[in-house]
Amino acid sequence: MTAEPPVTDSLEPTGRTQVRRHRDRATYEVEQIDAILGEGFICHVACHDAGTTWMVPTAYGVSGFAGAGGELLLHGAAANHLFKAAAGGAQLVATVTHVDAMVLARSTFSHSINYRSVVVFGQARHITEPADKAAALEAIVEHMLPGRTAEARPPTDSELRQTIVVALPLAEASAKSRTGPPGDSDGPDAGLPVWAGLLNLRTSADLPVPAPGLGAGGIDAGPSASWAVQPGRW
């Protein structure tokens, strides 16, 4: 489940990862790809199978580094069509996106979004050994909330059998981002009496809300939840 640090600074673009529009916003640097994947925990995964294109949002984990044998760890119900196709060797595409700001210009045509995103293509490796599946699922939970697996029980054998786990290589990927203000400050719309600028956005966790049935004395939320609510975590 581990990999050596990156052996290359940049991934080689392919016909699927080469960014063609706004090429200046693209990067294939593994440090940037790893950073974007490291900050998120939800991705959208798609494949084409049996005449239909399937896509699902799902939590993910990361094992290792892009360009050095690293993988995106994905899981779903054993009955899920997309994950059954993935386990059978279907080509996948996975995307992760962070939205940092709404970019408001003087014309609606020039509105934009400041974002950071990664797209990964490839054929996933089906993880079937129970111990490896359990380790991958633990990695997904730890990626979402470090320390949580020490606080909750692990999956049972029955639960492992109900779950498909696959690992998508981080070998064919690219990142794309936009930063900065609207681009119409020196154009023909600059003199319009319209406010323009950024609406910065952030994701944060509220204080933990206990579930019913914790008992009269309650149970402490634990270190993992305390870590999540720290200012600036997301």
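**Ground rules.** The model is predicted, so I take local features only at pLDDT of at least 70 and side-chain atom pairs only at pLDDT 80 or more, while totals for chains, interfaces and linings use all residues. Residues are numbered from 1 along each chain as its sequence is written, and side-chain values use heavy atoms, with hydrogens and water left out.

**Cysteines.** I looked for disulfides, meaning pairs of cysteine sulfur atoms within 2.5 Å. The structure has zero. I then checked burial: buried is under 20% relative accessible area, exposed is over 50%, and partly exposed is in between (1.4 Å probe, protein chains only). C43 is buried at 0%. C47 is buried at 4%.

Most residues other than glycine have a negative phi. I noted H22, which is not a glycine and has a positive phi of about 55°. Strands here are DSSP runs of E, at least two residues, numbered from the N terminus. H22 sits in the segment before β1 (26–27) and is partly exposed at 32%. A50 is also no glycine, and its phi is positive at about 55°. A50 is in the loop between β2 (42–49) and β3 (52–63). A50 is exposed, at 66%.

**Nonpolar cores.** I define a core as a set of buried Ala, Val, Leu, Ile, Met, Phe, Trp, Tyr and Cys residues joined through side-chain atoms within 4.5 Å. The largest has 30 residues. Which residues have the most contacts inside it? They are I33, L37, L72, L74, L92 and L168. I listed contacts (heavy atoms within 4.5 Å) for L74, leaving aside neighbours within four places in sequence. Its partners include C43, V45, F83, L92 and L168.

**T163.** This residue is in strand β8 (residues 163–169) and is buried at 15%. Beyond four places in sequence, T163 touches H75, G76, A78, K133 and L137.

**Surface patch.** Patches take residues with over 30% relative accessible area and no salt bridge, with like charges joined within 9 Å and nonpolar side chains (Val, Leu, Ile, Met, Phe, Trp, Tyr) within 5 Å. V99, M102, I113, L199 and L201 form a nonpolar one, with about 410 Å² of accessible area together (Shrake-Rupley, 1.4 Å probe). V99 is in strand β5 (residues 91–104) and is partly exposed at 44%.

**Salt bridges.** My rule is a side-chain nitrogen of Lys or Arg within 4 Å of a carboxyl oxygen of Asp or Glu. How many are there? The count is seven.

- E71 pairs with R125 at 2.8 Å, N to O. E71 is in strand β4 (residues 71–77) and R125 in strand β7 (residues 125–127), so the pair ties together parts 54 residues apart in sequence. E71 is buried at 14%, while R125 is partly exposed at 39%.
- R106 pairs with D184 at 2.8 Å, N to O. They link distant parts of the chain, 78 residues apart. R106 and D184 are buried.
- R153 pairs with E159, with the closest N and O atoms 2.8 Å apart. R153 is exposed at 57%, and E159 is partly exposed at 29%.
- E39, D100 and R116 are linked in a network.

Terms used:
Helices (H or I, at least four residues) and strands (E, at least two) are DSSP runs, numbered from the N terminus.
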